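Here are my notes on two side chains and their surroundings. Please read them with the model open.

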Amino acid sequence: SQILRRNVIRFCGIEGIGGMGTANTLIEDNLIEWCGWADAERGWEAAGAKFHNARNLLFRRNVVRHMRHANAIWLDVGNANCRLTRNVFADVVSVSAAVHIEMTTDTNQIDNNVIWNVRNAEPGTPGQRGCAGSGIFDNATDRLIVAHNLIGRCDNSGIFAITRPDRRGSGTGTG
């Protein structure tokens, strides 16, 4: 169990906060900015905050902005009972999206956030599976609740959702 509260995290080349198997974690009232400048996004690990297999994660009241070649937050594979709420995700330049949740079949929630000014890092190309410049990327995920967010000024979709029948264990898109 961890609490990360009232930190300023900036100028990190690839990730501001990272976690593998993170459980029972509260991350609140942080400023995460100017991450991703090392341009390692195509290695698929770059974000202001990135977690694999997170359980019982509450990410709230954070400001994640000025991301370059990185998602603002990425919940990657097997997350359960995670909630992203009351955050500001702004000024994100990515081949993906500001908020990316991938291959998760348990219930998670994205609510009451402001997602603003998301641009495609490679204009004229589709980026990752066509989602470049989107607000939220639902990448092969089931039981995702997306409610009461303000999403605007995105180069692509506010919410971009796909299924991935080519990946075992991915969301079916039917749950």
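1. Asp111 sits in strand β13, residues 108–111. Strands here are DSSP E runs of at least two residues, and helices are H or I runs of at least four, both numbered from the N terminus. This is a predicted model, where local features need pLDDT of at least 70 and side-chain atom pairs count only at pLDDT 80 or more, while totals for chains, interfaces and linings use all residues. Residues are numbered from 1 along each chain as its sequence is written, and side-chain values use heavy atoms, with hydrogens and water left out.

2. Is Asp111 buried or exposed? Asp111 counts as buried because its relative accessibility is 2%. Buried means under 20% relative accessible area, exposed over 50%, and partly exposed in between (1.4 Å probe, protein chains only).

3. The Asp111 side chain makes a polar contact with the side chain of Thr85 at 3.0 Å. Another polar contact, at 3.1 Å, links it to the side chain of Gln109. A polar contact is a pair of N or O atoms within 3.5 Å; within protein, one must be able to donate a hydrogen and the other to accept it, and residues adjacent in sequence count only if both atoms are side-chain atoms.

4. Beyond four places in sequence, Asp111 has contacts (heavy atoms within 4.5 Å) that include Arg83, Arg86 and His148.

5. Thr25 belongs to strand β4, residues 23–28. Thr25 is buried because its relative accessibility is 4%. Its side chain forms a polar contact of 2.7 Å with that of Gln2.

6. Thr25 and Ser1 are 24 residues apart in sequence, yet their C-alpha atoms are 5.4 Å apart. Leaving out residues up to four places away, Thr25 also touches Leu4 and Asn56, among others.
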